[in-house]
Amino acid sequence: MHKRLVNQCTIDFSLIPCSPILIKSGREGADPTKPDMEFVETYHGGGRSVYLPGSSLKGAIRAHAERIVRTVGRDNRNSDNPNMLWANDPLNDTYHYLKDKSASDIYKLSSFTDQMFGNTSIASRVRIEDAYPVESQPVKLEERNGVAIDRVFGSVAVGPFNYQVCTAGEFRTKLHLKNFSLAQLGLIGLVLRDLDEGWFGLGFAKSRGLGIVEVKLNEAVVQYPGCVVENQRIRSLGGGGEWEDNQLLGAGMFLVEEERNRYGFPANDMQDTPLRAESMALGFGVQLKWQGKEQVEDLFMRAVRAWCQRVEADFSGYVA
């Protein structure tokens, strides 16, 4: 199933430092004029620039997504209710339960977060681009000093040392989610909400007040590449189904019942929206666009409804 692309969501958002932020470069040079810990840099826009690596963003987003799933579900698979929400520890999981299994069984047996972010047996369906500075919001960097205190003796254990932080600017990026259920999109919305509210941070020294950011939602686009829009209806090419042109559709809507059950996608996974679908570029494919914070939050609100239904189903007998 994942060799096809039935739906895709792209979320365009910006990260604005609310407190100093540092994503360390992991490189120490011999230049005594530079801080001991430098902000990661790359070539962008014709010169060297600090940026937020997509890998760092994805790691923080995944970790908090796992935290949310464990809060309402479990941290291990329930053999009595295998469809129950759970999130494993990907660093310590041996994944023995996925060995010698078919592609559909690997996906179905994987935890809810592994189904999204991948593991050693399945590829990630979440991709996050590097976040680069927006030219209209100048980046401000400064150096700070610090020491590490010995917890036993109360004396200086390491230091003094200095580190570089970003205190102002705007970093823009995109998150791509493909072949998603609406509950999975809802979980992404909850993670971005919590990041905006400061429930978790990014980068170095988060427990000391660094890494808090504001999330500015710019745009969201949901696309159905194998569909066309005709007479105010979305039609799946190949006879896969038809829907009203204001429907937000999860991946299970594009699958026949046998395949949907093999992978564990929910049936009737759709929500009404206030938007109307339009054709993608070149007249092939269908998309819905949400512009600005209010509209993108409306998209997430509708997806979170499906997430709530998924959570509540664990206590009333979930049927995929």
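Guide: Helix H6, residues 292-313, has 22 residues and reaches 32 Å from its first C-alpha to its last, close to the 32 Å expected at 1.5 Å a residue, where the expected span is 1.5 Å times one less than the number of residues. Helices (H or I, at least four residues) and strands (E, at least two) are DSSP runs numbered from the N terminus. The model is a predicted one, in which local features need pLDDT of at least 70 and side-chain atom pairs count only at pLDDT 80 or more, while totals for chains, interfaces and linings use all residues. Residues are numbered from 1 along each chain as its sequence is written, and side-chain values use heavy atoms, with hydrogens and water left out.

Among the buried residues of H6 are Val296, Leu299, Phe300, Ala303, Trp307 and Arg310, buried meaning under 20% relative accessible area, exposed over 50% and partly exposed in between, with a 1.4 Å probe and protein chains only. An α-helix has 3.6 residues a turn, so residues three or four places apart point the same way.

Leaving aside its neighbours within four places in sequence, Trp307 is in contact (heavy atoms within 4.5 Å) with Ile68, Val69, Val72, Leu85, Phe112, Ala183, Leu187 and Leu190. In the largest nonpolar core, which has 89 residues, Tyr224 and Trp307 touch the most other members; such a core is a set of buried Ala, Val, Leu, Ile, Met, Phe, Trp, Tyr and Cys residues joined through side-chain atoms within 4.5 Å. Helix H4, residues 182-196, supplies the largest share of this core, with nine residues.

Elsewhere, Asp12 belongs to strand E1, residues 8-17, and is buried, with a relative accessible area of 8%. The side chains of Asp12 and Asn218 are joined by a polar contact of 2.9 Å, that is, a pair of N or O atoms within 3.5 Å, of which, within protein, one must be able to donate a hydrogen and the other to accept it, residues adjacent in sequence counting only if both atoms are side-chain atoms.

There is also an antiparallel pairing of strand E2, residues 41-44, with strand E3, residues 47-50, through four bridges, where two strands pair if DSSP finds at least two bridges between them. His44 stands opposite Gly47 in E3, and in this hairpin, with two residues between the strands, Gly45 takes a positive phi near 65°.
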